Amino acid sequence: MKKVFRLIIISALLLGILIPVFDYFYEEGTKKTIMLAQESRDRNIEEFFKLAKEAFYEANYQSAEYYYQQIIELAPYNLESRRNLAVVYSDQNKLREENRVLLETSILSQNKHDYLNLAVNFYELNNNLASNYILETKINKNDENKQLNSETESDNFIFQKYYYLVKNNLELENYEKVQKYLAELSDLNGSTSEFYLLRAELNKLQKNYSAAFNDYESAYQANRSQSYLYKDMAQMLEKSGEEIKAYNHWQRALNYGWFEELAYQKINFYQEKYPNLKQKTEDLDQPEEVDPFGLEASWQEPQKLKNQKKIEMLRIGLQEANEHLLFQYSDPFAIIYQGRIIFKGRAKENYLLELDNESIYISSRDQKIKLGDSKLEYQLYSSQENSSFYVYNINYGQGYFWQGSGNRQYRGNMIIKGEGDNFTLINQVELTSYLISVVPSEIYASWPEEALKAQAIAARSYTLNNLGRHSREGYDLCSSVHCAAYNGIISEDQRTTEAVLETQGETAVYEGRIIEAVFSSNSGGYTERSDQIWSADLPYLRGSNQMKEDNYDFPLTPLELQQWLFSAPESYSKDYGSSNYRWQLKVPAEIIEYRSGLDKIKRIEVNQRARGGTITSLTIYGEESEKNYSVSQIRRVLGGLKSSRFYFNSHYDKDGYLKELLVFGSGWGHNLGLDQSASAGMAAADWDYREIIQHFYPGVEIINYNLQK
Ligand SMILES: [Zn+2]
């Protein structure tokens with residue numbers, strides 16, 4: 001017995017030791033298996049993130065959704081995939097799907113940025129109660145502790161918070177709260193257009209129409225791209241009984257091309273009611289008879305250009321379809337036809353060119369002489385080195401809101417190209433003389449010198465590369481922004497003139513060919529590849545990064561892209577163009593309806609983004625039909641945006657029709673080539689103009705262009 005007992009004890013002891021030993025090995029085994037599984041899961045997650053991003057930029061949004069969903073299945077607490085998925089939904093305006101993800105995300109994260117997105121989404125879906133509840137209880141509750149919040153809340157975060165608090169309370173008719181949140185918004189950025197538009201809404205609802213008029217006017221003054229606000233101003237004036245003033249505002253709405261049918265209706269109505277108004281308009285149409293030879297020119301003394309080289313003679317089309325033209329020359333001049341002098345004119349006297357009976361005539365106060373057939377070309381010429389000519393009443397800015405007419409003085413000589421029943425006025429001018437007028441219209445002359453030189457090189461290369469663009473019309477380039485705004489001597493500035501002269505002849509080439517040196521005002525920190533914006537894939541336009549921190553690795557994930565647009569991180573593009581670097585704009589649905597011709601808008605969907613986030617394709621769904629817009633049309637159809645790189649929050653009414661968009665964008669222009677604001681920022685940080693050119697057009701050389709004739 002004793003032996004058996006001993007055995008039992010020994011066995012028990014052994015087991016007691018062995019079981020933990022066995023357990024130990026067993027656990028190690030499972031750990032390894034789990035670790036392996038985890039590793040492969042992590043690898044999968046990493047792979048899915050990569051695939052999702054690729055799908056997003058390939059415009060395959062369904063696949064992007066799928067990969068982010070796979071990550072959520074594998075790792076339910078992976079907030080990054082949920083947040084990315086929400087952005088992908090947001091781009092497609094899938095608001096309900098977005099709502100589900102945002103709801104889950106904010107519950108899991110308890111993060112106020114997630115809650116803000118959720119509140120915005122509820123507002124978009126017209127659920128003001130839910131939106132307001134989240135804003136007031138989850139986001140704004142810690143406001144007593146402002147110090148803590150100010151560290152984590154970006155300006156954009158605070159702006160959106162108060163913007164939507166105001167919006168919700170307007171709809172919920174809590175006007176006292178609206179006042180309170182408006183005051184907060186005013187403290188944040190009082191003079192913005194969005195603030196005035198919100199206050200206009202409040203005043204309108206409270207029937208304070210003249211106050212609402214003032215707000216619309218201030219909103220327009222704060223952001224002049226919103227010329228459609230003339231309609232709102234006119235309507236507020238009507239409601240406060242100021243009909244004559246309302247009439248004038250309808251006229252302006254019409255002049256800017258807004259709401260034609262309605263505006264005409266109103267204008268006719270007021271003209272019937274107040275016959276005096278019609279009289280005035282007709283008076284304006286028929287200016288008083290003036291003696292053309294009695295008009296006085298206001299000459300400017302042009303700066304003498306030292307060491308100007310002869311590089312290339314250009315023909316710039318100043319004005320087409322002239323039937324008559326009044327001008328002066330600074331010095332005695334001759335009119336030449338086929339090498340023969342056919343007329344001699346005096347300095348600083350008015351001359352009138354006219355068409356009559358298939359001939360062109362020139363008149364002065366005391367004589368009228370026939371030059372010849374109205375289909376031929378005549379050259380005006382002065383032998384004086386620095387001669388210029390002066391033209392009365394030339395049109396400028398055609399098709400733009402600054403359009404008008406005025407007197408202009410140009411360097412070089414005039415060419416009259418007869419077209420039969422009218423003639424074209426052409427300016428024959430040396431490249432450098434042309435550039436000293438063009439460059440200051442393109443960039444602020446007060447900006448750092450190296451940026452002005454970089455612009456001079458871009459403008460010179462662009463000009464030389466585009467010569468003959470208007471050869472069918474008989475000249476090289478036109479004088480409008482279609483080619484480059486050219487207004488003659490009036491635009492010149494000493495600082496830009498120096499930059500042009502100091503770089504005379506310097507031109508950017510790629511593999512020996514002059515480059516298409518496109519530029520824009522502000523790229524928002526990153527420029528695009530040319531083949532993603534145009535069809536042409538130019539090797540020196542492949543996207544350049546202007547961010548100052550190197551943690552922006554383009555293409556960004558959908559979430560990073562949104563965060564990059566919603567914040568304003570340090571960038572060379574920010575230093576000299578902060579109001580264009582990041583911007584916001586409220587776009588009412590009626591503007592989009594008017595521009596698209598679609599009746600009631602059900603959805604606006606982004607189809608594709610370029611690698612820097614620029615939207616290159618967008619669809620607007622109306623009640624009956626839909627329309628697609630390419631990168632060159634998007635800015636216009638949304639009422640005139642500064643660029644087509646943006647995210648937007650939409651807002652739908654109870655019936656599911658779009659009411660308005662709040663757009664958050666970056667940059668000004670097409671996002672290709674040289675970014676002028678960034679170039680100024682770089683120049684201020686001691687970059688040399690060659691470094692700037694090579695940053696924006698990588699792989700190019702700067703050569704000295706010689707006249708090859
Ligand atoms: Zn042109």
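Helix α11 (residues 209-222) and helix α12 (residues 229-239) have axes that come within 8 Å and cross at roughly 165°. That makes α11 roughly antiparallel to α12 (angles under 35 degrees count as roughly parallel, over 145 as roughly antiparallel, 65 to 115 as roughly perpendicular and the rest as oblique). Axes here are lines fitted to C-alpha atoms, for helices over the stretch in contact, and angles run from 0 to 180 degrees between N-to-C directions. Helices (H or I, at least four residues) and strands (E, at least two) are DSSP runs, numbered from the N terminus. The model is a predicted one, in which local features need pLDDT of at least 70, side-chain atom pairs count only at pLDDT 80 or more, and totals for chains, interfaces and linings use all residues. Residues are numbered from 1 along each chain as its sequence is written.

The crossing of α11 past α12 is left-handed (the near helix is turned anticlockwise from the far one by less than a right angle; clockwise would be right-handed). On the α11 side, the contact is made by Tyr 209, Ala 212, Phe 213, Tyr 216, Glu 217, Ala 219 and Tyr 220. Helix α12 contributes Leu 229, Asp 232, Met 233, Met 236, Leu 237 and Lys 239. Two residues are in contact if their C-beta atoms, placed from the backbone, lie within 7 Å. By class, this contact of α11 with α12 holds 10 nonpolar, no polar and 3 charged residues. Ala, Val, Leu, Ile, Met, Phe, Trp, Tyr, Cys and Pro count as nonpolar, Asp, Glu, Lys and Arg as charged, and the others, Gly among them, as polar.

The axes of α13 (residues 243-255) and α14 (residues 260-273) come within 9 Å and cross at roughly 145°. Helix α13 also passes α14 in a left-handed crossing. Glu 243, Tyr 247, Trp 250, Gln 251, Ala 253 and Leu 254 in α13 meet Glu 260, Ala 263, Tyr 264, Lys 266, Ile 267 and Tyr 270 in α14. These residues divide into 8 nonpolar, 1 polar and 3 charged.

The chain is divided into domain 1 (109-283), domain 2 (302-514) and domain 3 (519-672), with bounds from an automatic or database domain assignment. Between domain 2 and domain 3, the C-alpha centres lie 37 Å apart.

Several strands pair into sheets. Two strands pair if DSSP finds at least two bridges between them. An open sheet of 6 strands has the order β7-β6-β5-β2-β9-β10, with antiparallel pairing. Its edge strands are β7 (368-373) and β10 (404-411), each pairing on one side only. Neighbouring strands of this sheet are turned by 25° against each other on average, direction ignored. Within the sheet, β2 (residues 324-329) and β9 (residues 388-396) pair in the antiparallel sense over 3 bridges. Tyr 329 stands opposite Phe 389 of β9.

Another open sheet has 3 strands in the order β15-β14-β24, again antiparallel. Strands β15 (513-514) and β24 (701-704) stand at the edges with a single partner strand each, so one side of each is left without a neighbour in the sheet. Strand β14 (residues 506-510) pairs with β24 over 4 bridges. There, Thr 507 has Ile 703 of β24 as its bridge partner. Helix α17 (residues 449-465) packs on the sheet and touches β14, β15 and β24. The direction of α17 makes about 65° with that of β14. On the other pairing, 2 bridges join β14 to β15. Val 509 has Ile 514 in β15 as its bridge partner. The hairpin of β14 and β15 has 2 residues between the strands, and Glu 511 takes a positive phi near 45°.

A further hairpin is formed by β18 and β19, with 5 residues between them. Strands β18 (residues 601-609) and β19 (residues 615-622) pair in the antiparallel sense over 7 bridges. Val 606 stands opposite Leu 618 of β19. In the turn, Gly 613 has a positive phi of about 100°.

Most residues other than glycine have a negative phi, and most peptide bonds are trans. Asn 93 has a positive phi of about 60° although it is not a glycine. Asn 93 lies in the loop between α3 (79-91) and α4 (95-109). A cis peptide bond joins Phe 554 and Pro 555, with omega about -5°. Pro 555 is placed in the loop between α19 (530-533) and α20 (558-566).
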